[in-house]
Amino acid sequence: MDKPKKETKITRRSVLRDGVRSFFVLSMGGASGYLVSRVQAEDYVWQIDPHKCISCGNCASHCVLEESASKCVQSYPMCGYCKLCTGFFNAAPSALDTGAENQLCPTGAIIRTFVEDPYFDYTIDESLCIGCAKCVKWCEAFGNASLYLQVRHDRCLNCNECSIALACPADAFVRVPKSKPYRLKIENKPE
Amino acid sequence: MNNKNRFQFFEDLWDSSAKNIAVVAAIYCILVAGFLAYNYAAAQSGLPEKERIYSQQMAEKKALLIEDVKNEELKSEIRDLDLALRQQYFERMAFSKRGKYLLLAGVIVLLLALKKTVAMQKKLPKKRVKNKDPLREANATTQARQTVIGSSIVLLAGALALGFAPGVDLPSASDEAEQIAEAAPQVTFPTQEEIRQNWSRFRGPGGVGVAHYETAPTTWDGESGDGIIWKTEVLLEGNNSPIVWGDRLFMSGADENTKEIFCYSTEDGALLWRKPIGMVPGAPSEEPRVMEGTGRTASTMATDGARVYAIFFDGSLVAFDFDGNRVWAKNLGVPDSVYGYATSLMCYQDKVIVQYDQGYEDDDTSVLYAFDGKTGSVVWQTVRPVANSWTSPILAKTNSGEQIITVSEPWVIGYKADSGEELWRATMMGTDLAPSPVIAKDMAIVIQPNEWMAAIKTDGSGDVTESHVAWHVDCMAPDIGSPVTDGELIWLLTTMGTLSCHKVETGEMLYEHEMDDMFQSSPVLVGEWIYMMSEKGKTYRVKTTAEFEQAEEVPFIDEWILASPAFTQGRIFVRGDRFLYCLGSK
């Protein structure tokens, strides 16, 4: 014979008791979730260490994207604003103007703007930059090394296995915390 | 023609021309895909021919300009050439983007046409409509023919237009591939017998904690040195277990300054080499946070007999040859794991398999990788719908072929070992998983720490949660150690020292025994004995019988033991926190 079922009454006390229990359970759940989130490893993203980069040009050809996520950036506090910028002009310019025959950049991505004699401002048009690092190489060779490459995070897919990192001969591709996604040269001078 | 008739007309037209459109769309897709592949190869192998010619011309003209700096005509030519060169370059970039959309459109048309063609074949013959206009029917046939011809022309024209891409240097890529193929050594990987004779990964052959010998050393004494062939200092801390191949023993270690691999002689314990793993492309510039209990090198190495592989807490995966030369290294990204990364590596043929579980079940960050042992290139990879875990994969020989079986939250998944293709999956696992699975009677036996054990038949496909779970029993399930089985019985050992024995067939418990010790290393089965090493360095041996029968405890030494021991013929290798031991008869 089946055991008679105990009748369950909903009383004010039981509602209150259940409410308090639920509150504690939810609080414990919330606290656990918070603690777990605190011990999560911080997200990392790819970035180029500009002090290790040797301007080999692999960034332009090894990115999984058609147009590389590595772009040249200009550190304006470091720039000499030179009239003869070795990152802008080829080795033997016929004149110090923006004629194509004088420019080093294969896609004309560096914009030269007159400031006051003898100073010029050099800005990167990222839509044209292909990350070939020619300007970086020559800026470093004869200038202040204010032009350098950085992975632009609005483009980078943050691949688990970055193709450029694998091809980088200088091990300059590193993972950096997402909270500090860029390695700005002015802030990261080698000791 | 009213709207209804017009609709009927187009439907008839579509019906009669679907098959032909499918054929044309297929040709179109192949052409577009071919052009895209051609374009990709061009980008990979250097400048396409036209750009290269322009570049050469540019270089020549610039050289001339140096000699004749005032030649305005030459400057003008250079500027025109520069513009053309840039246009060529950006056109090539845009080509890929356009091509993808064109290919997508072609595939959609192909699928629709195929669907219609298949549907048409299934249809019963239509009844002739009495009042159907024969003239309109004839018109529809003509229109259908014209539509096919017209669409063929349009599609082919589109494909040919795409073909006006700059020239490509395909031969160089294939030549290079041939050269690499010629230079590469013959593919060799160890035989089953060699794998059985060695201890090539965490928990030995297959990763199930069973040694393929009948006997192993039974007595030793840390104090007097009896039964200890050699001992040598552990040079860097690490929670990984030693692995053995032939006369070499490998293990890894790390601290905040270095990550290293160690190679010892199994004969006398001599350190043959120690190698820092060096710079790894993509390794984080700042050390990720480490949970002390897990450490930097919780993952046990693996070897295929030619190279050894190790993975570290920051996602750096490295391969070294037996002489200590680094073969390749890569970083898989810092694993997003609550407790840190602890899954061990395994080899399958000449590939190294990495169960890279991280994050949460729905974020698609967990991946099962197979890397080519020689080059480190990805042979296959399968995204896993699971969260981070500590478990290691096992290689199981089942009636349906060799499978890699994995346990993570919430899925137990079986994969084809040679391709990574998912075979079956069962949703049942909760969080905080450490014990790895074992295989018995064609069933994967899995553990939910502190809660239950279950057996899943491995011959299913798709989601087998409802159909292939053979049994599920609540029990004293270990939270760290993995189970061990002789095919008929299963033994579970908890951290708190509870050993329980169950039937493989049903999961029914046969006995439970409390031991006055704590265990983190996993038990190993040798012949008719199960070896269990406690945290304090004592070894317990229990007979593989349905009734509890224990041999005399073997006092070890004052060592803290977390790693699982490695067994080879007549020897046991134990990693303590201070020394590495070789036990056996001298």
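This text goes through the contact between chain A and chain B, and then through two residues of chain B. The model is a predicted one.

Start where the two chains meet. Chain B brings 44 residues to the contact, and chain A brings 35 residues. The size of an interface is often given as the accessible area lost when the parts come together. Between chain B and chain A the buried area is about 3,200 Å². Carbon and sulfur atoms give 53% of that area.

Two salt bridges are counted between chain B and chain A. In one salt bridge, B:Lys330 pairs with A:Glu161, and the closest N and O atoms are 2.3 Å apart.

Which elements of chain B supply at least two residues each to the side that touches chain A? They are the helices α1 (3–45), α2 (49–67) and α3 (72–122), together with the strands β10 (326–331) and β13 (366–372). Of these, α3(B) gives the most, with 10 residues. Sorted by kind, the residues on the side of chain B that touches chain A are 23 nonpolar, 10 polar and 11 charged.

B:Asp255 lies in the loop that runs between β4 (248–254) and β5 (259–265). Is B:Asp255 buried or exposed? B:Asp255 is buried, and it has no salt bridge. The nearest side chain of opposite charge belongs to B:Arg296, at 6.3 Å. The side chain of B:Asp255 does reach a backbone nitrogen, that of B:Thr258, at 2.9 Å. With residues up to four places away in sequence left out, B:Asp255 touches B:Leu236, B:Glu287 and B:Arg296.

The second residue, B:Val379, sits in strand β14 (residues 378–384) of chain B. Its relative accessible area is 42%. Buried means under 20% and exposed means over 50%, so B:Val379 is classed as partly exposed. B:Val379 and B:Tyr369 are 10 residues apart in sequence, and their C-alpha atoms are 7.8 Å apart in space. Setting aside neighbours within four places in sequence, B:Val379 is in contact with B:Lys351, B:Ala370, B:Phe371 and B:Asp372.

Note on methods: Residues numbered from 1 in each chain as written. Chains lettered and ligands numbered in written order. Predicted model: local features only at pLDDT ≥ 70, side-chain atom pairs only at ≥ 80, totals over all residues. Heavy atoms only, no water. Contact = heavy atoms within 4.5 Å. Buried area = accessible area lost by both parts, 1.4 Å probe. Salt bridge = Lys/Arg side-chain N within 4 Å of Asp/Glu carboxyl O. Helix = DSSP H or I, 4+ residues; strand = E, 2+ residues; numbered from the N terminus. Nonpolar A, V, L, I, M, F, W, Y, C, P; charged D, E, K, R; others polar. Buried < 20%, exposed > 50% of the residue type's maximum accessible area, 1.4 Å probe, protein only. Lys, Arg positive; Asp, Glu negative; His and termini not counted. Polar contact = N/O pair within 3.5 Å; in protein donor to acceptor, adjacent residues only side chain to side chain.
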